[in-house]
Amino acid sequence: MINSKTKIFYHAVQQAGDGIFIADKKGIIKYVNPAFEKITGYSSREAIGKNPRIIKSGKHDFLFYENLWKTISSGKTFRGQIINRKKNGKLFYADHTITPVKDKEGKINFYVGIWKDISAQKEIEKRKDEFISIASHELRTPLTSIKAYIQILKEKMKKNDNLKLNSYLIRTYKQISKMANLIYDLLDVNRIQAGKLPIRKTAFNFSQLLNECISDLRLGSSVKIEYKSKKKQFPVIADRERLEQVIKNIIGNADKFSDKNKKIIVKMQSVDNAIQVSVRDFGIGIARDEQHKIFQRYYQVEQNKTGSGTSFGIGLYLAREIIKMHQGKIWVESKLNKGSIFYIQLPLNK
Ligand code: ADP
């Protein structure tokens with residue numbers, strides 16, 4: 001006999017706006033609600049008795065599903081965004097949680113999955129990306145020529161002794177360069193998303209690159225940069241320009257988020273078959289729950305915003321993608337108000 005409480009739960013789940021399914025320990029679907037039927041196109045009769053594999057899109061690799069199963073079969077909730085396929089073949093994006101439901105002894109009895117269809121939101125994101133892509137393409141050419149003309153003016157003005165005009169030009173050039181770098185970064189983000197960021201690998205000594213980067217950064221930084229390395233030779237086969245971009249972004253951030261009287265310590269050492277570079281600052285630090293988010297594109301920690309108007313939260317996203325393309329690793333250890341250490345590991349070319 002169904003009591004009134006059970007009835008309430010049943011109606012709530014039946015009428016919920018998000019897709020809900022219940023599967024047994026083996027993953028066989030036992031129940032789906034009408035929102036599930038609507039999102040997937042599979043009726044309850046078609047879905048029950050099947051494995052959720054019926055809506056698999058083929059857009060995630062084996063490791064993704066292995067991680068999902070490992071998480072839920074160990075008793076934890078899986079959260080993530082999944083691309084699924086409807087019965088009619090169309091893809092849809094879902095914000096997904098799968099939670100194991102346990103008995104009193106803690107044994108898993110069944111799983112409950114909840115899907116929020118976020119396809120519309122994804123479509124908006126796609127359009128926003130397209131807009132950024134077109135805008136940055138269009139801005140690149142005029143900006144590059146303005147930069148070149150100011151460079152010429154700067155050279156010509158060197159012979160002129162009007163100090164004020166000279167300083168205006170230098171400042172203009174600096175601001176234009178910042179803007180141009182921002183546009184190039186936005187273009188890189190788009191290339192990465194399209195899987196078209198070119199990587200041009202050559203053989204070089206990483207130690208020399210790090211030295212050059214630090215010399216360049218010392219020129220524009222008010223913070224003291226200390227550099228320690230036990231060895232002089234770190235041969236790699238990599239994209240020199242891209243790695244320069246990564247290092248300058250990380251040390252640049254350490255500078256941006258530190259007090260002027262604090263220092264930055266850069267260290268380089270070999271660890272197993274890899275080079276490890278660490279950049280330590282004693283600045284504002286990053287809260288634990290923000291640490292994994294800073295590598296996402298356009299993400300900035302709210303409290304850490306500098307208000308300079310020329311940062312968008314894409315430097316670390318690009319850094320992570322570039323390091324991934326070199327089969328390396330990048331991560332951060334940080335304490336709020338104490339400082340951060342960013343690490344990069346790259347395979348050594350032995
Ligand atoms: P940007 O610096 O242009 O905002 P990034 O992708 O380089 O973009 O960094 C993303 C965010 O991570 C920054 O906005 C800041 O909130 C945080 N962050 C990065 N490096 C540090 C650091 N050394 N100390 C504190 N916060 C940092």
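Me: A crossing is left-handed if the near helix is turned anticlockwise from the far one by less than a right angle, and right-handed if clockwise. Which way does α6 pass α9?

Reply: The crossing of α6 past α9 is left-handed. Helices here are DSSP runs of H or I with at least four residues and strands are E runs of at least two, numbered from the N terminus. This is a predicted model, in which local features need pLDDT of at least 70 and side-chain atom pairs count only at pLDDT 80 or more, while totals for chains, interfaces and linings use all residues. Residues are numbered from 1 along each chain as its sequence is written, and side-chain values use heavy atoms, with hydrogens and water left out.

Me: Thanks! At what angle do α6 and α9 pack?

Reply: About 45°, and their axes are 10 Å apart. The axes are lines fitted to C-alpha atoms, for helices over the stretch in contact, and angles run from 0 to 180 degrees between N-to-C directions. The two helices are therefore oblique to each other (under 35 degrees is roughly parallel, over 145 roughly antiparallel, 65 to 115 roughly perpendicular, and the rest oblique).

Me: And which residues of α6 meet α9?

Reply: Asp185, Asp188, Val189, Ile192 and Gln193 do, and on the α9 side they meet Tyr317, Leu318, Glu321 and Met325. Contact means heavy atoms within 4.5 Å.

Me: How many residues of α9 are buried?

Reply: Eight of the eleven in α9, residues 315-325, so to speak mostly covered. Buried is under 20% relative accessible area, exposed is over 50%, and partly exposed is in between, with a 1.4 Å probe and protein chains only. Tyr317, Leu318 and Glu321 are among the buried ones. The cover over the buried residues includes α6, α8 (240-256), β11 (329-335) and β12 (339-347). Just after α9, Gln327 has a positive phi of about 55°.

Me: Switching to Cys213: what is its relative accessibility?

Reply: Cys213 has 1%, so this residue counts as buried. Cys213 belongs to α7, residues 206-220. Setting aside neighbours within four places in sequence, Cys213 contacts Glu244, Ile247 and Lys248. The C-alpha atoms of Cys213 and Glu244 are separated by 6.7 Å, with the two residues 31 apart along the chain.

Me: New topic, the open sheet. What is the order of its five strands?

Reply: β2-β1-β5-β4-β3, with antiparallel pairing. Two strands pair if DSSP finds at least two bridges between them. From one strand to the next, the twist averages 30°.

Me: How many bridges join β1 to β5?

Reply: Six, between β1 (residues 19-24) and β5 (residues 108-117). Asp24, for instance, has Phe110 as its bridge partner in β5.

Me: And over how many bridges do β3 and β4 pair?

Reply: Eight, in the antiparallel sense, with β4 covering residues 91-102. Gln81 has Asp95 in β4 as its bridge partner. The hairpin of β3 and β4 has five residues between the strands, and Gly89 there takes a positive phi near 95°.
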